[in-house]
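Here is a short report on one protein model. Look through the sequence and the structure, then read on.

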Amino acid sequence: MFYSCLLCINYYREQTELILKNLIDTNININISIFYEKQDTYKTIKELTYHIGNIGVELKENNQNRQDIEIAAFSYNDAKYIRKEMQINNEELYYMYIYLTVFSKDKKELEYLLNKVEGMTQSRGIQTRRAYFREEQGYFSTLPLMQNDNYIKNVTKRNVLTSGLISTYPFISSTIFDEDGIFIGTNIYNNSLVFIDRYNTSKYKNANMCIFGTSGARKIILYKIVNFKK
């Protein structure tokens, strides 16, 4: 089995939906590990205030070139935004680390899956970097060992507020399962089993169903199964 790790180095701070949903729903062989480190609120606000004051003085002096001024201005506004959210909206600051380990029995397939995962993360605004010369540390960090290796922590370290932390919620279930339902088939997106109780009037308006499929796809057999009454 071949493994390769992707390090999530950056993503949009303000997210309106779950950023890992498309990775969890896919049938790609992948391990996802997320570490959160809560920071002391009082200490963080104190450091931010000191940082804002220092950058404010640098911006007033205007001794740097334009690129330095733009970087300093961005850092200044970012620090003010975090401090405001913590003081006014009772947000808390965390350091977050996200690791993705993709595995396959074939090297070419692994490369294909890596490119696919990179495209999926980029579509969600997540920047990733391959763990070159740090594959072993990335592999162990995605095992259920609670091991966040220092060799890759500095690369993936990202500050995030509580509201942004919610968007990384990893426990997502896209299964279709009714307790007294009949087995219909498998979900093509995540290979989960589909059980539907079409006579459940509290969930469905009526028992009507529409079945599509190519010739020889056993549509008649499926029709007989779902119409079987216990």
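## Y139 and its surroundings

Y139 touches Y3 and T101, leaving out residues up to four places away in sequence. Contact here means heavy atoms within 4.5 Å. Y139 sits in helix α5, residues 135-141. Helices (H or I, at least four residues) and strands (E, at least two) are DSSP runs, numbered from the N terminus. Y139 is partly exposed, at a relative accessible area of 27%. Buried means under 20% relative accessible area, exposed over 50%, and partly exposed in between, with a 1.4 Å probe and protein chains only. D106 is 33 residues from Y139 in sequence and 17 Å from it in space, C-alpha to C-alpha.

This is a predicted model: local features need pLDDT of at least 70, side-chain atom pairs count only at pLDDT 80 or more, and totals for chains, interfaces and linings use all residues. Residues are numbered from 1 along each chain as its sequence is written, and side-chain values use heavy atoms, with hydrogens and water left out.

## Nonpolar cores

In soluble globular proteins, nonpolar side chains tend to be buried together. A nonpolar core is a set of buried Ala, Val, Leu, Ile, Met, Phe, Trp, Tyr and Cys residues joined through side-chain atoms within 4.5 Å. The largest one here has 22 residues, and I28, M96, L100, V102 and V117 have the most contacts inside it. Two or more of its residues come from each of β1 (2-11), β2 (30-38), β3 and α4 (107-123). Another core lies apart from it, with 8 residues, including I45, I52, M86 and L161.

What does L100 contact, beyond its neighbours within four places in sequence? Its partners are S4, C5, L6, C8, L23, I30, N31, I32, V117, T121 and T142.

## Cysteines

A disulfide is a pair of cysteine sulfur atoms within 2.5 Å. By this rule the count is 0. The sulfur of C5 is too far for a bond because the closest cysteine sulfur, in C8, is 8.6 Å away. C5 is buried, with a relative accessible area of 1%, whereas C210 is exposed, at 57%.

## Pocket and cavity

Rolling a probe the size of a water molecule over the atoms shows where empty space is left. On a 1 Å grid over the protein atoms alone, a cavity is a set of points where a 1.4 Å probe fits but cannot get out; a pocket is an open set with protein on both sides within 12 Å along at least five of seven lines; lining residues have an atom within 4 Å of a point. Grid points are joined across faces, edges and corners, and a volume is the space filled by probe spheres set on the points.

The largest pocket has a volume of about 290 Å³. Its lining has 14 residues, with T44, E47, L48, L93 and Y95 nearest the centre. Helix α2 gives the most, 5 residues. The structure also holds 1 cavity of 30 Å³ or more. The largest cavity has about 50 Å³ of space, and β1 supplies the largest share of its lining, 4 residues.

## Positive phi

Most residues other than glycine have a negative phi. M146 has a positive phi, near 55°. M146 lies in the loop between α5 and α6 (150-156) and is exposed, at 74% relative accessible area. R218 also has a positive phi, about 70°. R218 lies in the loop between β7 (193-196) and α8 (219-226) and is exposed, at 59%.
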